[in-house]
Amino acid sequence: MARTTIDFGIDLGTTNSEIAVLRGTEVEVFKDNEGFEFTPSAVWMDPKNRLWVGRQAREKLEDDPQNAFCEFKLQMGTPEEKVFQRSGRRMSPEMLSAEVLKELRSVVKHRTGEDVEGAVITVPAAFELPQSDATNKAAQLAGLKQSPLLQEPVAAALAYGFQSLSDRVFWLVYDFGGGTFDAAVIQVRDGVIQVVNHGGDNHLGGKLIDWALVDELFIPAVRREFGVRDFGRANPLYTAAIAKLKLEAEKAKVKLSARESVELSVGLSLPGNPQATFDFEIKRADLERIAEPFILRSVNICRKVLSDKRLAASAIERLILVGGPTLMPYLRSRLADAVHGLGIQLEAKVDPLTVVARGAAVFAGTQRNKSASAPIASGAQYTLELEYKPIGPDTEPVVGGRVVGKASDVLTGYTIEFVNTDARPPWKSGKIGLAPTGTFVTNLWAERGRANKFEIVLCDATGRKLPTDPSAIPYTVGMVITEQPLIHSVGVATASNEVKQFFEKGAPLPARKRDVLKTAFAVSRGNAGDVIRIPVVEGDSPRADRNRRIGVLEIKAHQVKRDVPAGSDVEVTLDMDESRLLRVKAYVPVLDEDFEDVITLGYEKTDAAEVAKALEAEKRRLEDVRKKAEATDDDDATEAIARIDAERMVFQVEGGLVAASGDPDAAQKARNRLGDLRAALDQVEDAVEWPAMVAEADRMTSAAREVLKEHGERGDLGAIEAHEAEIKAAVQAKDPDILRRRLDELRGTVFRILDRKGIMQVMWFRNLLGMIDQMRDRSLAEQLVARGRRAMDGNDVEGMRAVNRQLAGLLPTAPPPPDLSTVL
Ligand code: ADP
Ligand code: MG
């Protein structure tokens, strides 16, 4: 019989993947042929160009590294392809992930004979939209007809919560995986699980510890012992040797969870010494020292996730451990420590390696199987259209629906009854009369701790029983989740480096939003290169360049039927579903035309050289703010600097850059770490500049009062007072971003007052005169200046406005506004 719910759940992990199924209230994780519950997420192409997935493939990472790949999940959404050297075949991260999914499907097929047609697939909560989108594509490539995406921490909480009686509590899910870290505060209330807050890092996980072992212990030792000075990740000569060391590092790390020390003996091929044997003893203490900055980073993320919601660690009932590295004793004691860690009681009853797949299966039990909704050829004359949830916290759930018979049927006098035959004694709903249209609604009664099956008894007016399709429905009492929240805000970047937000962090999904944007450049039909291009960003900073660019919304010249002048309206509609898949439509009023699917999601390739250049600039900034922080002795600034040092942020970026030649994830990681460093520096800068910002706010408000006195009209006083109140609130909240925005708003109002009097355009003009050196077309600029002067002399405000606009257009970036104090 076709499944009424999806029931299968897959944890498509960076390192390992698992598949599980929900049977009633129990979850089974499938074992592969060798008896393992997890399948390494690795793909190997053999000399006959056949693909192998899982354990065999993983072993080949060592012997045949040019034809075996792993950890491709970290490149999801990027244009990074893997090339199997022997055959030259290229595969994208989503194609490789599809192979893993196919393998999991075949594990089930092999065990039970069932074809898995749909499965819930988990993704890290920290995944951005292009990564979720790529996961969805992988599922399609693997032949899955349905593949709702579920956030991994939610899955873990579900695995624990499904049959738990805990209520009104908070949990913290701590998921330290192979390559990603997620921390989520979960609230359990009235049988419903909800994500309260989330933090995470797409480049934090066990593999970073492996690489740190290679970089900090093995490479220096190989250099010393064999005298190969240039041995390192940057040199392509040693790619194979280094790959081998990385795998050995991982094995040693895993063994050190159970032992105090491990000795390795690795065969390496080195120049002049093709059969070198590298012997090395590694002690648990070495691993702990090396793992420390990564664990600290995870603890800091957890602390922030809690403090954002003003939750003390004591408010958290338990900390749910997820991911292989949580098997490390040091990590556990570090987390449990009340002073250096979190001091929350640890919970690891469910195997940290399969807990996510288990939760995914539980969630799959709530998801209707759409391919089964087509009427089954059971011969029944009556079909039921049901409104009900197959899993829910309620022991007396509501079920409603409609009985559909032949078109000629009038269902007056018909009754329907639900019977729970497994209950002792059997429970019956009693006969419920149908409305003439066939509709009904009633409550069921279900037992906890097992899957309840309700037989459906339909009778006509004479009491004759009639077969129905379906003939029974299942219901299980268990915890469910509310809408999954959006993890990062999503918006579009404006020319002034601000973000026009569409969806805010935490917004419940699905969500839809429409807004009107303006085009920055003209698009002429005949001009093939012209395009309306609006960058889409994901992240929580009000500054566009501090967020991740995740795609572009594009309408190309050949798509438009007429020219679209610069500054035209574009009405954009964003639709995001529960799986965080985004669809974007645009409507251009001047064309009266709709454009479907105008967004291309995906990252640009990371350019290591650019990251290196940017890092140099940030290093200078760090030295600069370090001095300032020392001078001002501000607590926030000192704390942020201490965090930059303790997490070794600069070193992390540098390490990533060195590794970038051999590890495609490393360049991305370097770029992300650079982003963290920037954000931390912004914070220090804000803190040290705060007193100056407050002084500026004072100066601006008194300037605004002066303008009001000289040029104000009715209504202006109220507006200025409202700005003053908002500025005061921002100063009290000590929020630099908000204060900056509030000051901009005040400036805008003052400028409007001045503009009414014709004063503003004169100020703009003077301001632009000072920037003439930076303008693109000098001779045009000078002509405009001459025209501007004539307009100024003739008191021609509109003439000046036109000149100013054109002059501003000659600048590479939008000019800063004139200083208010110059008005006075
Ligand atoms: P993912 O979710 O990324 O697939 P997993 O949760 O399967 O990751 O964890 C994989 C990581 O866990 C790897 O870095 C692996 O080395 C590490 N790991 C697995 N078992 C242990 C162990 N016993 N001790 C320490 N680390 C472990
Ligand atoms: Mg995982």
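Me: Which backbone N or O atom lies 3.0 Å from an oxygen atom of ligand 1?

Reply: This is a predicted model. A polar contact is a pair of N or O atoms within 3.5 Å. Here the atom belongs to the backbone of asparagine 16, at 3.0 Å from a ligand 1 oxygen. Glycine 178 also places a backbone N or O atom by a ligand oxygen, at 2.7 Å. From lysine 253 a polar side-chain atom lies 2.8 Å from an oxygen atom of ligand 1.

Me: How much of the accessible area of ligand 1 does the protein cover?

Reply: On its own, ligand 1 has 580 Å² of accessible area, and the protein covers 90% of that.

Me: Which residues around ligand 1 come nearest, and which elements give two or more residues to the shell?

Reply: A residue counts if one of its heavy atoms lies within 4 Å. There are 19 such residues around ligand 1, and Thr15, Gly178, Glu250, Lys253 and Ser257 come nearest. Helix 5 (206-226) and helix 6 (239-255) are the elements with two or more residues in the shell. Helix 6 has the largest share, 3 residues. By class, the shell holds 5 nonpolar, 11 polar and 3 charged residues.

Me: What does the second largest pocket look like in terms of space and lining?

Reply: The second largest pocket holds about 1,300 Å³ of space. Its lining has 29 residues, with Thr494, Ala495, Ser496, Ala520 and Ala814 closest to the centre. Among the elements that give two or more residues to this lining are strand 31 (490-493) and helix 18 (797-809). Strand 34 gives the most, 5 residues. By class, the lining divides into 17 nonpolar, 6 polar and 6 charged residues.

Notes: Residues numbered from 1 in each chain as written. Chains lettered and ligands numbered in written order. Predicted model: local features only at pLDDT ≥ 70, side-chain atom pairs only at ≥ 80, totals over all residues. Heavy atoms only, no water. Polar contact = N/O pair within 3.5 Å; in protein donor to acceptor, adjacent residues only side chain to side chain. Areas by Shrake-Rupley, 256 points an atom, 1.4 Å probe, with all protein chains shown as cover. Helix = DSSP H or I, 4+ residues; strand = E, 2+ residues; numbered from the N terminus. Nonpolar A, V, L, I, M, F, W, Y, C, P; charged D, E, K, R; others polar. 1 Å grid on protein atoms, 1.4 Å probe; cavity = no way out; pocket = protein on both sides within 12 Å on 5 of 7 lines; lining within 4 Å. Points joined across faces, edges and corners; volume = space filled by probe spheres on them.
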